[in-house]
Amino acid sequence: MGYDRLALFEALKNKEDITLLALESSCDETAAAIVKNGRQVLSGCIASQIELHRKYGGVVPEIASREHVRAINALIDEALAQANIGLEGIDGIAVTCGPGLVGALLVAVSTAKALAFALNKPLVAVNHIEGHICANFIQYPELTPPFVCLIASGGHSHIVCVEDYCKYRILGATRDDAAGEVLDKIARVLALPYPGGPALEKLAIKGNETALARPGHFLSGEHYDFSFSGLKTHMINQIMKSKKSGEVPPEDAAASFQYWVMSALVSKTVQAAKDMGVHKIALCGGVAANKRLRQELFSRADGREVYIPDAALCTDNAAMIGSAGYYRLLAGETADMQLNAIPSQEL
Ligand code: KG4
Ligand code: ZN
């Protein structure tokens, strides 16, 4: 008998509690989690590859894939053990299918397919960006749509209106570099270690964020799109000039650049919420771990409710995939054995 995803969904439809095993391997973190009813994390395990990639100054895709293969089975065992549950106790498997590095994505996708087939349980495909948004549902059990959400990660900068579960309206996105990407690039020019975002944040604490004049043109326009490449070029020119003259201390460059990026993210996000008449604003994605970004949003939210997951839920993890997978499963969206990695999948 073959794998019948519709029959598997039918069998699950009226079940009161749904517990999912969630897997994530889209970039340089292998992660497994057990999540109940989309909001309750029974366990979450992560194997970070940061140390391996650091000497190359960024993620090396081939190394990432191999490390995912090495790590994933043990992580699943660990997640099950921590949740005190066996494979028979889970109701389905949620997995990130995109966007991300194709070889990396394929590791969790193949593992999830094999498990779903062997256990004869539903398989749910999750978009990584949607996963980041759903981290908010884990942190805030009371949070319900609609809300405006800023997703700021290494690969994505989007402002989205979460109109309902699984229903997103993209209001704006980056036109060039993502927020995390541009922080990583400037950090590299400042000779800071990978990943640059946290290193830049640390250096910025000692700096003056108004030390350097911000180029004026980059925020213009009524739209909610971002453009960071002009800011990046401007900052690189300043840093290069200063290498000879020494007039810009690195901590001032870090603080100023961090402030430029964070204030651009916040002003567009708050404007979007205002224009949409939405009273809740959420943040997610690795850059949302940044304290300066959090502080800036709180101070400019203008009475709106602010939702920001803990740093560990902002950076890549599997619990967020379990949350998103739960809502996709409730909507009847299951995958079959044809599921493939989709490296440039849109939200
Ligand atoms: O969401 P994420 O873990 O992976 C992607 O899906 O891309 O985001 C990683 C990005 C990197 O660019 C990293 O430098 C940035 O998030 N990041 C930070 C901080 N922590 C991680 N950026 C600024 N401040 C931080 N504390
Ligand atoms: Zn991510």
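Modeller: Helices here are DSSP runs of at least four residues, numbered from the N terminus, and what you see is a predicted model.

Biologist: Which helices each supply at least two residues of the lining of the largest pocket?

Modeller: The lining of the largest pocket is made up of 43 residues, with Ser153, Gly154, Asp184, Tyr194 and Pro195 lying nearest the centre. H6 gives the largest share of that lining, with seven residues. The helices that each supply at least two residues are Helix H2 (50-54), H5, H6 and H7.

Biologist: How many nonpolar, polar and charged residues are in the lining of the largest pocket?

Modeller: The space in this pocket comes to about 1200 Å³. Its lining residues divide into 17 nonpolar, 16 polar and ten charged.

Biologist: Where does ligand 1 sit, and which residues around the ligand come nearest?

Modeller: The place where ligand 1 sits is the largest pocket. Helix H5 (128-139), helix H6 (179-189) and helix H7 (196-204) each supply at least two residues of the shell around the ligand. That shell divides into four nonpolar, eleven polar and three charged residues. Of the 18 residues around ligand 1, those that come nearest are Gly154, Asp184, Gly197, Glu201 and Gly286.

Biologist: What share of the area that ligand 1 exposes when taken alone does the protein bury?

Modeller: I would begin with the polar contacts, where a polar side-chain atom of His132 lies 3.1 Å from an oxygen atom of ligand 1, and a backbone N or O atom of Gly180 lies 3.2 Å from an oxygen atom of the ligand. A polar backbone atom of Asp316 is 3.1 Å from an oxygen atom of ligand 1. Taken alone, the ligand exposes 550 Å², and the share of this area that the protein buries is 88%.

Biologist: Turning to the second largest pocket, which strand gives the most to its lining?

Modeller: The second largest pocket has a volume of about 190 Å³. Of the 14 residues that line this pocket, Ala125, Val126, Arg328, Glu333 and Gln345 are the closest to its centre. The lining divides into seven nonpolar, three polar and four charged residues. With four residues, the element that gives the most is strand E5 (residues 123-127).

Biologist: What is the phi of Asn37?

Modeller: Asn37 lies in the loop between strand E2 (29-36) and strand E3 (40-48). Although Asn37 is not a glycine, its phi is positive, at about 50°.

Definitions and conventions: Residues numbered from 1 in each chain as written. Chains lettered and ligands numbered in written order. Predicted model: local features only at pLDDT ≥ 70, side-chain atom pairs only at ≥ 80, totals over all residues. Heavy atoms only, no water. Near = heavy atom within 4 Å. Polar contact = N/O pair within 3.5 Å; in protein donor to acceptor, adjacent residues only side chain to side chain. Areas by Shrake-Rupley, 256 points an atom, 1.4 Å probe, with all protein chains shown as cover. 1 Å grid on protein atoms, 1.4 Å probe; cavity = no way out; pocket = protein on both sides within 12 Å on 5 of 7 lines; lining within 4 Å. Sits in = over half its atoms within 2 Å of the grid points. Nonpolar A, V, L, I, M, F, W, Y, C, P; charged D, E, K, R; others polar. Points joined across faces, edges and corners; volume = space filled by probe spheres on them.
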